[in-house]
Amino acid sequence: MKSAINWYEIPVSNMNRAKKFYSDVLGYELTEMPMPGLPFKYFRFPVEQGEGVGGVLVEGPGYKPTAEGTMVYFNCGEDLSVALSKVEKAGGKVILQKTPVGAFGFMAHFTDSEGNKVALFSPR
């Protein structure tokens, strides 16, 4: 097993706003993941097929953004300061500035444009 995590879904209430937020902050191009017959909209974060952990933004019944509960940490290159500096301009709010986590690197927490609590990680 490469990772204990297999998949993640980040609930959103406005897909266009959320896609723009994550594209602006992390520089990711999210791609639509059609699911015919299901009442959900999915947009996938980039991941190499068979490598790493995949996930999506999801809008639909039963998905409600929250700042409570499970939190996703996004890798964001060598220094998370670059992405963190874009959070508030993109419509989010920084709630924990860049903080060292020992020999592992650094983390920061923020709420996204939808109200989800999310985090960033970098080695320096």
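Glu29 lies in the loop between H1 and S2. Helices (H or I, at least four residues) and strands (E, at least two) are DSSP runs, numbered from the N terminus. The model is predicted, so local features need pLDDT of at least 70, side-chain atom pairs count only at pLDDT 80 or more, and totals for chains, interfaces and linings use all residues. Residues are numbered from 1 along each chain as its sequence is written, and side-chain values use heavy atoms, with hydrogens and water left out.

At 65% relative accessibility, Glu29 counts as exposed. The term exposed means over 50% relative accessible area, buried means under 20%, and partly exposed lies in between (1.4 Å probe, protein chains only). Leaving aside neighbours within four places in sequence, Glu29 is in contact with Arg44 and Pro46. Contact means heavy atoms within 4.5 Å. Glu29 and Gly52 are 23 residues apart along the chain, and their C-alpha atoms are separated by 17 Å.

Met35 was examined next. This residue sits in the loop between strand S2 (31–32) and S3. With a relative accessible area of 33%, Met35 is partly exposed. The C-alpha atoms of Met35 and Leu120 are separated by 29 Å, and the two residues are 85 apart along the chain.

Thr111 belongs to strand S7 (residues 106–111). Its relative accessibility is 17%, so Thr111 counts as buried. Not counting residues up to four places away in sequence, Thr111 touches Phe21, Ala67, Val87, Gly92, Lys93, Ile95, Asn116 and Lys117. Asp112 lies in the loop between S7 and S8. At 3% relative accessibility, Asp112 counts as buried. Its contacts, not counting residues up to four places away in sequence, are Ile10, Phe21, Tyr22, Gly91, Gly92 and Val118. Asp112 and Pro34 are 78 residues apart in sequence and 24 Å apart in space, C-alpha to C-alpha.

Aromatic rings were then compared in pairs. Rings of Phe, Tyr and Trp (its six-membered ring) pair if their centres lie within 6.5 Å; planes under 30 degrees apart count as stacked, over 60 as edge-to-face and the rest as tilted. By this rule the count comes to 11 aromatic pairs. The rings of Tyr8 and Phe45 have centres 5.8 Å apart and planes at 45°, so this pair is tilted. The pair links distant parts of the chain, 37 residues apart. Tyr8 is in strand S1 (residues 7–11), whereas Phe45 is in the loop between strand S3 (41–44) and strand S4 (54–59). Both Tyr8 and Phe45 are buried.

Phe45 also pairs with Tyr22, and this pair is edge-to-face. The distance is 5.4 Å centre to centre, with 90° between the planes. Tyr22 is in helix H1 (residues 15–26), and the pair again links distant parts of the chain, 23 residues apart. Tyr22 is buried, and so is Phe45. Ring pairs link Tyr8, Phe21, Tyr22, Tyr28, Phe45, Phe74 and Phe110 into a cluster.

Charges over rings were also found. A charge sits over a ring if NZ of Lys or CZ of Arg is within 6 Å of the ring centre and within 35 degrees of the ring normal. Lys19 lies over the face of Phe43, at 4.1 Å from the ring centre. Lys98 lies over the face of Phe106, at 4.7 Å from the ring centre.

A pocket is an open set of points where a 1.4 Å probe fits, with protein on both sides within 12 Å along at least five of seven lines; lining residues have an atom within 4 Å of a point. Grid points are joined across faces, edges and corners, and a volume is the space filled by probe spheres set on the points.

The largest pocket holds about 600 Å³ of space. It is lined by 24 residues, and the closest to its centre are Tyr8, Ile10, Met71, Val72 and Tyr73. S1, strand S5 (73–75) and strand S8 (117–122) each supply at least two residues of this lining. S1 gives the most, with 5 residues. By class, the lining has 16 nonpolar, 5 polar and 3 charged residues. Ala, Val, Leu, Ile, Met, Phe, Trp, Tyr, Cys and Pro count as nonpolar, Asp, Glu, Lys and Arg as charged, and the others, Gly among them, as polar.

Conventions. On a 1 Å grid over the protein atoms alone, a cavity is a set of points where a 1.4 Å probe fits but cannot get out, and a pocket is an open set with protein on both sides within 12 Å along at least five of seven lines; lining residues have an atom within 4 Å of a point.
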